[in-house]
Amino acid sequence: MEHFDFVLIGGGIVGSSLYYKLAMAHPEAKIVLLEKESALATHQTGRNSGVIHSGLYYKPGSLKARTCIDGYAQMLDFAQEHGVKHEVCGKVVAALGGIEEAQLETLRLRGAENGLSGIRYLSQEELQEREPYLRATKALMVPQTGIINYADAAEAMLRVGRGAVRLKTEVTGFTQEGVKTIQGEVRGKHIIACAGLQSDRIAQLDGVDAGLRIVPFRGDYYELSLRAQAKVRHLIYPVPDPNFPFLGVHFTRMVHGGVECGPNAVFSFAREGYSKTAFNASDAFAALGYTGTWRLFAKHWRYGLGEYQRAFSKAKFLEALQRLIPSLESSDLLPGRAGIRAQALRPDGSLEDDFVLHQGNRAFHVLNAPSPAATASLAIADEIVRQALA
């Protein structure tokens, strides 16, 4: 039986980044990446907004903040070196009214503390020139924001790494020599799990109880019609609700063309179900049988109700978008895709805000890697290597 130096679980952007980093640092090492699907980057990596985040939102000193700033620079360098299409187009964060303007100033100060350069308020004249269709009483320009297709980036990382990739190879357990899969045992010295939506389940197979559970949230997108795309020149974001970890519906230019708007954020009854009615009994039982889920619902039921209204009502979704671009019409919104965010939830109902890395009995686990994990992925890989191989 073949023996590997590194066995990686999960073929999303974090697993791909780790594969690339290990291959570069240990060119003689034998590395294998195991992915349960028939293709790579089929879940969070292939269904996110493709934004290269600047680090504006994250608590200074947190793992999120540190790896986002570092990962931003690394992702741009990688894309440039390996021909992955990308663009640094900048982002406008728009406030409406005094409360949001105060929150916008908090964001500006946080961004500056995190080391972002060039952040500044736009005058009304500049705003009119840059985003003539946007309504805002105050707007922050964040030039260090970009766009990319992370599935393209993951594919490039695996291509450069030149190791082994095994698809349709779901991990079912751990052994002293490696991991058990539906294709048989795979032996390896170092095992690192970057399993995204299934991260807590893989950790449980390794006997890890980190005091959290993955609860899935579905995000639905619309795409703007060709006529309406001209109304968005940068990325346009609202001021996020500081009490919830989602950024609100926003407008995102896509690197291969077009403009997406969304997502909302609703509880999903299936970790890998992308329709509005998707249901998986095991996933639903795991989430609804967890005390933390109900405590989250109790805290944020008003917010959740609004998100569900937008999920099932195009008119309500349009209202949220018209808050920023009033001239949008229903005919401007075309059906788009959906994605699932793997959010780690604590028993008290609190959403884990930072990335969570944990050494298990047999493997090292990435237990929580929500946005901006794609942006930060190369820096997260550095951190994993530092901790797991210490």
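Visitor: Are Y20 and F78 buried or exposed?
Guide: In this predicted model, Y20 is buried, and F78 is buried as well.

Visitor: And how are the rings of Y20 and F78 placed, in terms of centres and planes?
Guide: Their centres are 5.0 Å apart and their planes stand at 80°, so the pair counts as edge-to-face, the cut-off for that class being over 60 degrees.

Visitor: Which parts does that pair tie together?
Guide: Y20 belongs to helix α1 (residues 13-25) while F78 belongs to helix α2 (residues 63-82), so the contact links parts that are 58 residues apart in sequence.

Visitor: What about Y57 and Y58, how far apart are the centres of their rings?
Guide: The ring centres of Y57 and Y58 are 6.1 Å apart, and with the planes at 65° this pair is therefore edge-to-face; Y57 is buried at a relative accessible area of 10%, and Y58 is buried at 9%.

Visitor: How many aromatic pairs does the structure hold, and which residues form a cluster?
Guide: The structure holds 7 aromatic pairs, and one aromatic cluster is made up of F267, F269, F279, W294 and F297.

Visitor: Switching to charges, what sits over the ring of Y121, and what over that of Y221?
Guide: Over the Y121 ring sits the charged end of K138, 4.3 Å from the ring centre, whereas the Y221 ring has the charged end of R337 over it, 5.4 Å from the centre.

Visitor: Last topic: how do strands β19 and β20 run?
Guide: Strand β19 (residues 356-359) and strand β20 (residues 364-368) run antiparallel and are joined by 4 bridges, with a hairpin of 4 residues connecting them.

Visitor: Which residue in β20 is the bridge partner of L357?
Guide: The partner of L357 there is V366.

Conventions:
Residues numbered from 1 in each chain as written. Predicted model: local features only at pLDDT ≥ 70, side-chain atom pairs only at ≥ 80, totals over all residues. Heavy atoms only, no water. Pairing = 2+ DSSP bridges. Helix = DSSP H or I, 4+ residues; strand = E, 2+ residues; numbered from the N terminus. Phe/Tyr/Trp six-rings, centres within 6.5 Å; stacked < 30°, edge-to-face > 60°. Buried < 20%, exposed > 50% of the residue type's maximum accessible area, 1.4 Å probe, protein only. Lys NZ or Arg CZ within 6 Å of the ring centre and 35° of its normal.
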